[in-house]
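Biologist: Please show me the chain. I would like to go through it piece by piece.

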Amino acid sequence: RQRLGTFGEYYAKMTLASYGMSIYTSEVDDHGIDFVAETKKGFMKFQVKTVRQGTGYVFMLEEHFNIADGTLFLFLSILSDDKLPDSYIIPATVWENDASGMFVYRKYEGKKSKPEYGINLSAKNMPFLEPYRVEKMINKFRIEVEPRLRKYKNYYDGLQAILNKSYKDESKPCSKAVINY
């Protein structure tokens, strides 16, 4: 099981690196982030799950998977004999508004298990994964996500739009307070 997870992480990193992303890993995985990928426009955080074909369910603990984080993604690889893994990049935000029943939240109130976000990998649900195939998500990322990450990076670097503010009447004060985080 450990080897399967290690293989999945290496495969995910190599796949994203092949698309020109720089990959960063930490020595300790204590926050549920397996690695960070950097594009020319910003950073993406990844949690990796690897399963064999026929596995019906995979989950991430709620404490390590913030579905409100627009920079967090699940890299899911489904392994089959004699072929390359089927791989998917699923934004954490998908769990907020899923109507398919594939992406679920299990609270487990009053039970021993901790709350989790999961994916039902039944045969009837598999078509719902198609939009998240790696190739499709990389193209979508380049069109839709990169501009948002660029905006966040600009905020971080202190390049906020307020710096471009000016008045035609130069006698008016034009305060430009910027705080970087």
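Modeller: Start with Ser100, which counts as partly exposed because its relative accessibility is 23%. Buried means under 20% relative accessible area, exposed over 50%, and partly exposed in between (1.4 Å probe, protein chains only). This is a predicted model, where local features need pLDDT of at least 70, side-chain atom pairs count only at pLDDT 80 or more, and totals for chains, interfaces and linings use all residues. Residues are numbered from 1 along each chain as its sequence is written, and side-chain values use heavy atoms, with hydrogens and water left out.

Biologist: Which backbone nitrogen does the side chain of Ser100 reach?

Modeller: Ser100 lies in the loop between β6 and β7. Strands (E, at least two residues) and helices (H or I, at least four) are DSSP runs, numbered from the N terminus. A polar contact is a pair of N or O atoms within 3.5 Å; within protein, one must be able to donate a hydrogen and the other to accept it, and residues adjacent in sequence count only if both atoms are side-chain atoms. The Ser100 side chain has such a contact with the side chain of Asp98 at 2.7 Å, and at 3.1 Å it reaches the backbone nitrogen of Met102.

Biologist: Which residues does Ser100 touch, not counting those up to four places away in sequence?

Modeller: Contact means heavy atoms within 4.5 Å. With residues up to four places away set aside, Ser100 touches Asn125 and Phe128.

Biologist: Which strands stand at the edges of the open sheet, and why is one side of each left without a neighbour?

Modeller: Three strands make up the open sheet, in the order β4-β8-β7 with antiparallel pairing. Two strands pair if DSSP finds at least two bridges between them. One side is left without a neighbour in the sheet because each edge strand has a single partner; these strands are β4 (57–61) and β7 (103–106).

Biologist: Which residue in β8 does Val104 stand opposite?

Modeller: β7 and β8 (residues 116–120) pair in the antiparallel sense over four bridges. In β8, the residue opposite Val104 is Gly118.

Biologist: Which side chain does Arg106 join in a polar contact?

Modeller: Arg106 sits in strand β7. Arg106 is partly exposed, at 30% relative accessible area. Beyond its neighbours within four places in sequence, Arg106 is in contact with Tyr57, Pro115, Glu116 and Asn120. The polar contact, at 3.4 Å, is with the side chain of Tyr57.

Biologist: Is Ser77 buried or exposed?

Modeller: Ser77 belongs to strand β5. Its side chain makes a polar contact with that of Ser87 at 3.2 Å. Its contacts, leaving aside neighbours within four places in sequence, include Tyr11, Lys49 and Val51. With a relative accessible area of 1%, Ser77 is buried.

Biologist: How many Å separate the C-alpha atoms of Glu135 and Ser22?

Modeller: Glu135 is in helix α2 (residues 134–156). Glu135 counts as partly exposed because its relative accessibility is 45%. Glu135 and Ser22 are 113 residues apart along the chain, and their C-alpha atoms are separated by 17 Å.
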